[in-house]
Amino acid sequence: MLQSPVEFFRTLPKKVCPECGEKVFEQAESYLMECDRCLSKKEE
Ligand SMILES: [Zn+2]
């Protein structure tokens, strides 16, 4: 899939992980804010 840089940044997720500042991709079924890395850390 080729996207122009402008289009790419426009579609970037606006949420960021409050734990580490990592961008979090919005998931329709998820209410979680943390990124996958921080979530998996909490589960351990
Ligand atoms: Zn995180």
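## Leu 39 in helix H2

Leu 39 counts as partly exposed because it has 15 C-beta neighbours inside 10 Å. Partly exposed lies between two cut-offs: a residue is buried if 20 or more other C-beta atoms lie within 10 Å of its own, and exposed if 12 or fewer do, with C-beta atoms placed from the backbone. Leu 39 sits in helix H2.

## Basis of the model

This is a predicted model: local features need pLDDT of at least 70, side-chain atom pairs count only at pLDDT 80 or more, and totals for chains, interfaces and linings use all residues. Residues are numbered from 1 along each chain as its sequence is written.

## Overall make-up

The protein has 2 helices and 0 strands. Both terms refer to DSSP runs, numbered from the N terminus: helices are H or I with at least four residues, strands are E with at least two. Of the 44 residues in the protein, 5% are buried.

## The loop between H1 and H2

Lys 15 is in the loop between helix H1 (5-10) and helix H2 (36-43). Lys 15 is partly exposed because it has 16 C-beta neighbours inside 10 Å. The C-alpha atoms of Lys 15 and Phe 25 are 7.0 Å apart, at a chain separation of 10 residues.

Lys 14 also lies in the loop between H1 and H2. Lys 14 is exposed, since 7 other C-beta atoms lie within 10 Å. Its C-alpha atom is 7.7 Å from that of Val 24, 10 residues apart along the chain.
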